[in-house]
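The exercises below are meant for a reader who is meeting this structure for the first time. Please try each task before reading the solution that follows.

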Amino acid sequence: MQVDFAIIGGSFAGLSAALQLARARRDVLVVDAGQRRNRFVDEAGGHSHGFLTRDGQSPGAIAAEGRSQLLRYPNVRWLDGLAEDARHRSDGRFEFRVASKVVSARRLILAVGVRDELPPVPGLAERWGRSVFHCPYCHGYELDAGPIGIVAASPMAQHHGLMLPDWGKPTLFLNGAYAPTQEDLAALARRGTRVESTPIDRIEGAADVVLADGRILSMSGLFTQTRARLSSPVAQQLSCEIEEGPLGEFIKVNSAQETSVPGVFACGDAARVAGSVALAVGDGALAGLAAHRSTLF
């Protein structure tokens, strides 16, 4: 299968990139493995927030509507499956495999997304997307200014500790993840964040933190620091430069969303330190426009 533009990843960033190319009347293929990062929110009956005109809607419904609108363009094809064995051919085209199909494209856009690695606290993973979150801007408001627990997984917990008083009354559970300095503790105290050094035994109920000494602190919700890993190895297979940030790995891109490999663009959570639905859509639009222009100028 030969196409002008292939987009690997059919979530918010990939859909947005594809839409720009579709409207440029170019031949577009979207390949999607169905592993959207915020699918856990859908499974919990939750909602997406902070995306203009779609605030409070199911992320799955937003993605489904985006796909439906995209596929109205006759120059767009969709292929369900996992992209594998990506390579840069000697003739300048890019090639990868989806099951038994071999795809070659003039330009590639990687919207592969990331997966979140959670700290190994019993009961935490089962509540991911339900009452355990990582982005205050996405889920903080709905906790109704109540008690908020921060499960430390790295020194980045300090940032949660300083931010979350705007959304409620936080308790930072250090859980042996890092040791705040006296300056750190003073900053947390000024913001009104309580610090609890007793280790966590497990999470119960909706967001009840059971400590090693038997105490139970009930929270309206919990925040933690995940470690992001790219959901697909295609960027590494193509020798794209990967950076390691405070929240995990991401594909290095320039201001036009182009990777270190000319002709390969990246967007969404896979290509930024931290993201959201709104940022993914914006990055995708830019990647689509830049990929198109790279074939003209």
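**Exercise 1.** Is Asp283 buried or exposed?

Solution. Before starting, keep in mind that this is a predicted model, in which local features need pLDDT of at least 70, side-chain atom pairs count only at pLDDT 80 or more, and totals for chains, interfaces and linings use all residues. Residues are numbered from 1 along each chain as its sequence is written, and side-chain values use heavy atoms, with hydrogens and water left out.

The classes are set by relative accessible area, where buried means under 20%, exposed means over 50%, and partly exposed covers what lies in between (1.4 Å probe, protein chains only). Asp283 has a relative accessible area of 8%, so this residue is buried.

**Exercise 2.** Find the salt-bridge partner of Asp283 and state where both residues lie.

Solution. A salt bridge is a side-chain nitrogen of Lys or Arg within 4 Å of a carboxyl oxygen of Asp or Glu. The partner of Asp283 is Arg272, with the closest N and O atoms 2.8 Å apart. Arg272 sits in the loop between strand E19 (264-266) and helix H8 (277-294), while Asp283 belongs to helix H8, so the pair ties together parts that are 11 residues apart in sequence. Helices (H or I, at least four residues) and strands (E, at least two) are DSSP runs, numbered from the N terminus. Arg272, at 24% relative accessible area, is partly exposed.

**Exercise 3.** How many salt bridges does the structure hold, and which parts does the one between Arg97 and Glu84 tie together?

Solution. The structure holds 22 salt bridges. In one of them, the closest N and O atoms of Arg97 and Glu84 are 3.4 Å apart. Arg97 is in strand E5 (residues 94-98) and Glu84 is in strand E4 (residues 83-88), so the bridge links parts that are 13 residues apart in sequence. Arg97 is partly exposed at 29%, and Glu84 is partly exposed at 30%.
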